[in-house]
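Please open the structure in a viewer and keep the selection tool at hand.

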Amino acid sequence: MKKHIFLRIELFGMAVAFVACWIFLSGLAFAEASRVVIIPFKMNAEKDLTFLRDGIQDMLTSRLYWEDKVVVVSREDTEKALETITGPLNEAAAREIGEKMGADYVLFGSLTVFGESVSMDAKMIDLSGEKPALAFFNQSREMAEVIPQINGFAGDINEKVFGRIMAAPEAPAQTRTRAPESEIREDIHAHPEKLIEGGFAGQDRQSELNPAFILRQEPQKTFSGFWKSQNFGHLLNGLALEDVDGDGRIETVVITPHEVSIYKFEEKRFFKAATIAEEPNRTFIGLDAADINGNGYPEIFITALNAYQNGVGSFVLEYDGKNYKRIVEDSRWYFRVVKHPDRGSLLYGQKQVSGGGVFSGPIHEMVWKNSGYEPAAEVLPAGRAGLMGFAFGDAMNDGREIAVAYTKGDHIRLINPSGKEIWSGSEVYGGGTLYFALPKTGPGDMENREFFPMRLLIADPDGDGKNEIIAVKNYEVAGRKLARFRKFTDAQIESLSWDGLGLAVNWTTRKTSGYIRDFAIGDFDNDGADELVAAVIIKDAFVVGMTPKSAVIAYDLKNDLKK
């Protein structure tokens, strides 16, 4: 109770200070003072966070105000100006508002809450054009860390824009402990500075973070959080991690439904380096990368469907030292790359047999021959599994190479090379929304869909010499259904190992909102250690005109699983 009284006194004091500030500014006008407009941040979250948006604006106002030097336009005046703006609130609109209000600078941005993670993306623009825009992007692992973010950004603005060095806040005489979670929930609409105990002193709270990984065998062990990219206004249908341009650094290749792009992670920034293919009349459903033809540059394999999504038309790209060229076009094969511990990356292919189901053909290892990829050894007979949800290797750690695949109901199964099922689980995994359009059963019937299975990996992420099966688990609203429509609410990634009776769970990531469409393991950030990287769909676009939202997330395997 004393803690709540203390926080409310602090909040009341801040409010009094804000009111006094506004009265002072409204009564005086300084010709030499810089005039700043702070546009309310755009909030990307599943719940109403208006209180947080308003609190951020209040905090930035109090931290940027500098007597006789910097004047911040009141929130009320800014909101009135916003009413005159039509269309999206982008940089052009922000400049227009700033110019209308006679400002020297305009500050705008967004805050994204994704599960427990919070990221802030903001920009301070000099409307005169004399100084470059000051951009800021940061991410915290929970809401309580928003305050240090705001302080850091405000400090950068004061120093780099106004030449004002702010004294570091003194640490409290006695470090306060974090309030019980029940108390925080009771006051969830408090001012943002109340979401972290100790005000904005910026204490190190690493040890209190919720784990990103949960080890089922070692529940006492905790782990750090995950990295998340900025949000993208399109769907991410696949990703792959490879050094595709031969520069010695790993790139992230991503596909949207109609575009192939290269992203790089450099200096803590994740950015698009190039768009290397666009196909408005094809739908991209699968992505892999590996140097199969042995010329030193990994090929990029795009499994694609035609415009009606009822026929396969895949293609392959490869860097030639200057550009990404198509070395295979309009292939009827589904492609999937599997990493082998001894043989390296291997390419597998599957064709749809005429008159059969989507995955009616056998699965073959593919080799480069005659300027294309041709089937070699058959590794699984026809009709036993779908290639998009297929892995091959020593999954049981007994020296035998077997297939790991999904049933049509998304149950994981183990199959020997002759096609005999060794084991099938009862848990539901996977959960893809990409589909093949089957023929309609009758006139006037709705589209008949067969959903593609999710990727599976056989890997040794903790480096203990034992293989694990890595799988996605997307949670559907009403359980898994073999219907025309699927909607998922949450997702996580799990590691499974054979224990003699079945596949037992080793660890699982925390649940995240939305669903995972693809994932990979590789040195995503080029720090010498592998990460677990996933493409997450935060918001789908089921209705024409809706804007989807997706992101890339990465878990640090070295620091989390191997310590």
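The model is a predicted one.

**First stop: two packed helices**

Select residues 50-64, which form helix α2, together with residues 146-160, which form helix α5. Two packed helices are described by the angle between their axes and the distance between the axes. Here α2 and α5 pack at an angle of about 35°, and their axes lie 10 Å apart. The crossing of α2 and α5 is right-handed.

Now display the side chains where the helices meet. On α2, select Ile 56, Met 59, Leu 60, Arg 63 and Leu 64. Facing them on α5 are Ile 147, Ile 150, Asn 151, Phe 153, Ala 154, Ile 157 and Asn 158. The residues of this contact comprise nine nonpolar, two polar and one charged.

**Second stop: the sheet from β17 to β20**

Proceed to an open sheet of four strands, arranged in the order β17-β18-β19-β20 with antiparallel pairing. Select β17 (333-340) and β20 (372-380) to find the edges. Each has a single partner strand, so one side of each is left without a neighbour in the sheet. From one strand to the next, the twist averages 40°.

Next, select β18 (residues 344-351) and β19 (residues 363-369), which pair in the antiparallel sense over four bridges. Which residue of β19 is the bridge partner of Tyr 348? Selecting Glu 365 shows that partner.

Select β15 (residues 314-319) along with β16: the two strands are joined in the antiparallel sense over five bridges. Within this pair, Val 316 stands opposite Val 328 of β16. Keep β13 displayed for the next stop.

How many cavities of 30 Å³ or more does the structure hold? There are three. The largest cavity has a volume of about 160 Å³, and 19 residues line it. To locate its centre, select Ile 285, Leu 434, Pro 453, Met 454 and Arg 517, the lining residues that lie nearest to that point.

Then select β13 (283-290) and β32 (515-522), the elements that give two or more residues to the lining. The largest share, four residues, comes from β32. Colouring the lining by residue class shows nine nonpolar, six polar and four charged residues.

Note on methods. Residues are numbered from 1 along each chain as its sequence is written. This is a predicted model: local features need pLDDT of at least 70, side-chain atom pairs count only at pLDDT 80 or more; totals for chains, interfaces and linings use all residues. Side-chain values use heavy atoms; hydrogens and water are left out. On a 1 Å grid over the protein atoms alone, a cavity is a set of points where a 1.4 Å probe fits but cannot get out, and a pocket is an open set with protein on both sides within 12 Å along at least five of seven lines; lining residues have an atom within 4 Å of a point. Grid points are joined across faces, edges and corners, and a volume is the space filled by probe spheres set on the points. Ala, Val, Leu, Ile, Met, Phe, Trp, Tyr, Cys and Pro count as nonpolar, Asp, Glu, Lys and Arg as charged, and the others, Gly among them, as polar. Two strands pair if DSSP finds at least two bridges between them. Axes are lines fitted to C-alpha atoms, for helices over the stretch in contact, and angles run from 0 to 180 degrees between N-to-C directions. A crossing is left-handed if the near helix is turned anticlockwise from the far one by less than a right angle, and right-handed if clockwise. Contact means heavy atoms within 4.5 Å.
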